[in-house]
Amino acid sequence: MLDLSGTPHPDSDAQFAAYPQPPLRAGHSSVEYDPRPTAVREARTEVRRQLEVWGLTDRDDLVDVAELLVSELATNALLHSASRFRLTLSAAHGVLRCEVRDGGRRTPQVLQAGASESGRGMFLVNALARRWGCHQDGQGKTVWFELGTCGADGCGRRDP
């Protein structure tokens, strides 16, 4: 904790531990999309825009990978649930978390990348994300993935 002079002081009261200061480059954003063909492109655009706002565009691979994986999750939401979907982005502590919530109950499956023209989305998520998962959420589900934002060696790579 800093006082107005910039002098650091330890937190004097345990009650402040529940309200940590947001780390540098932290943020949260959530946008809902109608089930229409342009929604996937709009979600990709939102990812790039939000990462620019948060100052996370110094790593081009982060923006490109986040756009690609959000595009895959948004496409799955449109194809398999045909419902509105919500894209939620959050960045804190060196991690970008992207979530897509839709009205479907079908859990995504990682398929082998074969000659098929479809079914590769979760294969890409599994290969490129640091972590990913899915949880049932009321009448729908949320599929999420995380990428590292720090650029340090090992940041954003999958844990073994």
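Helix 1 crosses helix 2 in a right-handed manner (a crossing is right-handed if the near helix is turned clockwise from the far one by less than a right angle, and left-handed if anticlockwise). Helices are DSSP runs of H or I with at least four residues, numbered from the N terminus. This is a predicted model, in which local features need pLDDT of at least 70, side-chain atom pairs count only at pLDDT 80 or more, and totals for chains, interfaces and linings use all residues. Residues are numbered from 1 along each chain as its sequence is written, and side-chain values use heavy atoms, with hydrogens and water left out.

The angle between helix 1 and helix 2 (residues 60-81) is about 150 degrees, and their axes lie 9 Å apart (axes are lines fitted to C-alpha atoms over the stretch in contact, and angles run from 0 to 180 degrees between N-to-C directions). Helix 1 is therefore roughly antiparallel to helix 2, a term for angles over 145 degrees. Residues in contact (heavy atoms within 4.5 Å) include Val-47 and Leu-51 in helix 1 and Val-70 and Leu-78 in helix 2.

Helix 2 also packs against helix 3, at an angle of about 145 degrees and with the axes 9 Å apart; this crossing is left-handed. Among the residues that meet are Leu-69 and Leu-73 in helix 2 and Leu-124 and Val-125 in helix 3.

The mean pLDDT (the predictor's confidence in each residue, from 0 to 100) of the protein chain is 80, and 73% of its residues reach 70 or more. Over residues 1-23 the pLDDT is below 50.

Key:
Helix = DSSP H or I, 4+ residues; strand = E, 2+ residues; numbered from the N terminus. Parallel < 35°, antiparallel > 145°, perpendicular 65-115°, else oblique.
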